[in-house]
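I opened the notebook to look through one model, topic by topic. The entries follow the order in which I looked things up.

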Amino acid sequence: MTRAHETTRAALFRHVGIEPALAGYDPARGAGAGRGLAQCLANLVERLAWAVQCQNDRISATFLACQAHDVLPRRIRRYACARCWYEAGRAGKPMIVRREWILRASWRCHDHELPLTDMASLLRDVASPISQADLGLATIVAERRRWAYRVRPGALRRNAAELAYLAGSRDGHGMAPPNKRYHARFAANLFHFSADRIGMLALAHGNRHALARRFERLVAARLPECPTVGGGVQAPVKMPYRLRACAPPKSASAWMAPEFLDLLRAYAWVRERRDIDEARAAVFERHFGGLLGLPAAAILSPGNASRAWPPGY
């Protein structure tokens with residue numbers, strides 16, 4: 001709506017009678033924000049339904065009842081099924097992103113069993129929609145990737161159960177996830193930091209899942225993400241070191257005393273300076289040694305400067 005009317009969300013909310021403070025809230029989370037915003041969200045649903053002339057249930061059906069870290073950041077909620085969009089375009093229907101596709105654990109379409117496509121890569125112009133030809137090619141690419149991933153059937157079942165749990169209606173206290181280990185790993189995974197998020201998730205659900213686990217550990221160590229209630233992300237915080245009981249350190253060797261290190265540095269500097277002097281002497285002797293009739297070392301030596309030059313020079 002904001003894109004169609006070329007306005008901001010806050011201005012739109014103010015115009016239709018919605019609390020403008022909700023403009024910074026992630027509406028996809030719905031009741032997942034807690035009971036404190038229940039009345040405000042109910043008013044939001046009612047006013048949006050009035051603005052687009054539809055039933056309240058159609059607006060509520062687009063919400064999720066999950067936490068902020070369960071959904072993708074707003075800037076990358078651009079994954080969709082290419083075949084769904086191709087069929088919608090042929091039928092004259094709008095191309096929409098289903099609510100389960102914005103979950104971090106989601107990476108495939110359960111209707112067509114195809115990996116999702118990054119639709120931002122198909123946009124040639126922001127003002128124009130994606131063409132049917134591009135969607136057809138994207139569908140062919142998704143079909144090829146589907147057969148190349150070699151996904152484990154058990155992993156697919158766990159993924160489907162997790163998405164049903166996250167996209168289902170819960171009151172905030174709800175039931176426990178169907179698979180706690182799967183939920184702990186994939187509900188708030190960090191694969192969206194990868195250049196190919198869908199490929200990494202498919203790898204994690206396939207026979208080569210050990211490679212995906214290495215990527216998870218690398219990214220989690222360097223890019224910790226802590227989502228806020230409003231959908232933003234807090235700055236990474238360095239975790240404190242753990243104190244471990246260990247044996248007392250061994251005494252430093254006498255050969256590694258500070259005096260010995262200074263001696264090594266001095267020797268290295270003298271060696272480097274001597275190599276430079278020898279290189280300069282060779283160049284000088286090659287160009288001027290024959291003219292003066294003297295060795296270059298005698299000419300360039302500081303101690304022999306007064307007696308190196310022949311009379312008349």
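**Burial and overall make-up**

I call a residue buried under 20% relative accessible area, exposed over 50% and partly exposed in between, with a 1.4 Å probe and protein chains only. By that rule, buried residues make up 31% of the 313 residues in the protein.

I note that this is a predicted model, where local features need pLDDT of at least 70, side-chain atom pairs count only at pLDDT 80 or more, and totals for chains, interfaces and linings use all residues. Residues are numbered from 1 along each chain as its sequence is written, and side-chain values use heavy atoms, with hydrogens and water left out.

I looked up the secondary structure next. Helices (H or I, at least four residues) and strands (E, at least two) are DSSP runs, numbered from the N terminus. The protein has 13 helices and six strands.

Then I checked contacts, meaning heavy atoms within 4.5 Å. Taking contacts between residues at least 6 apart in sequence, I find that 62% join residues at least 24 apart.

**Nonpolar cores**

I take a nonpolar core as a set of buried Ala, Val, Leu, Ile, Met, Phe, Trp, Tyr and Cys residues joined through side-chain atoms within 4.5 Å. In soluble globular proteins, nonpolar side chains tend to be buried together.

The largest core here has 38 residues. Trp85, Trp101 and Met119 have the most contacts inside it. At least two residues of this core come from each of β1 (79-80), α5 (82-91), α6 (132-149), α7 (153-167), α8 (180-186) and α9 (197-204). Helix α9 gives the largest share, five residues. Another core lies apart from this one, with 14 residues, including Leu41, Val45, Ile59 and Phe63.

Not counting residues up to four places away in sequence, Met119 touches Arg78, Ala80, Cys81, Ala82, Trp85, Ile130 and Leu135.

**Helix pair α5 and α6**

How are α5 and α6 packed? Their axes are 8 Å apart, at an angle of about 150 degrees. The axes are lines fitted to C-alpha atoms, for helices over the stretch in contact, and angles run from 0 to 180 degrees between N-to-C directions. Angles over 145 degrees count as roughly antiparallel, under 35 as roughly parallel, 65 to 115 as roughly perpendicular and the rest as oblique. The angle therefore makes α5 roughly antiparallel to α6.

I list the contact residues. From α5 they are Ala82, Arg83, Trp85, Tyr86, Gly89 and Arg90. From α6 they are Gln132, Leu135, Gly136, Ala138, Thr139 and Glu143. For classes, I count Ala, Val, Leu, Ile, Met, Phe, Trp, Tyr, Cys and Pro as nonpolar, Asp, Glu, Lys and Arg as charged, and the others, Gly among them, as polar. The contact of α5 with α6 then has five nonpolar, four polar and three charged residues.

**Positive phi**

Most residues other than glycine have a negative phi, and most peptide bonds are trans. I found Gln53 with phi near 60 degrees, a positive value in a residue other than glycine. Gln53 sits in the loop between α3 (38-52) and α4 (56-60). Its relative accessible area is 65%, so Gln53 is exposed.

Glu113 also came up, with a positive phi near 55 degrees. Glu113 is in the loop between β2 (108-109) and β3 (114-115). At a relative accessible area of 39%, Glu113 is partly exposed.

**Single residues**

Is Leu116 buried or exposed? Leu116 is at 2% relative accessibility, so it counts as buried. I place Leu116 in the loop between β3 and β4 (117-118). Beyond four places in sequence, its contacts include Tyr79, Trp101, Trp107 and Ile198.

Glu216 belongs to α10 (residues 209-222). Glu216 counts as buried because its relative accessibility is 12%. Leaving aside neighbours within four places in sequence, Glu216 contacts Arg185, Asn189 and Phe191.

Thr62 lies in the loop between α4 and β1. Thr62 and Ala167 are 105 residues apart in sequence, with 9.7 Å between their C-alpha atoms.

Gly168 is in the loop between α7 and α8. Gly168 and Leu64 are 104 residues apart along the chain, and their C-alpha atoms are separated by 7.3 Å.
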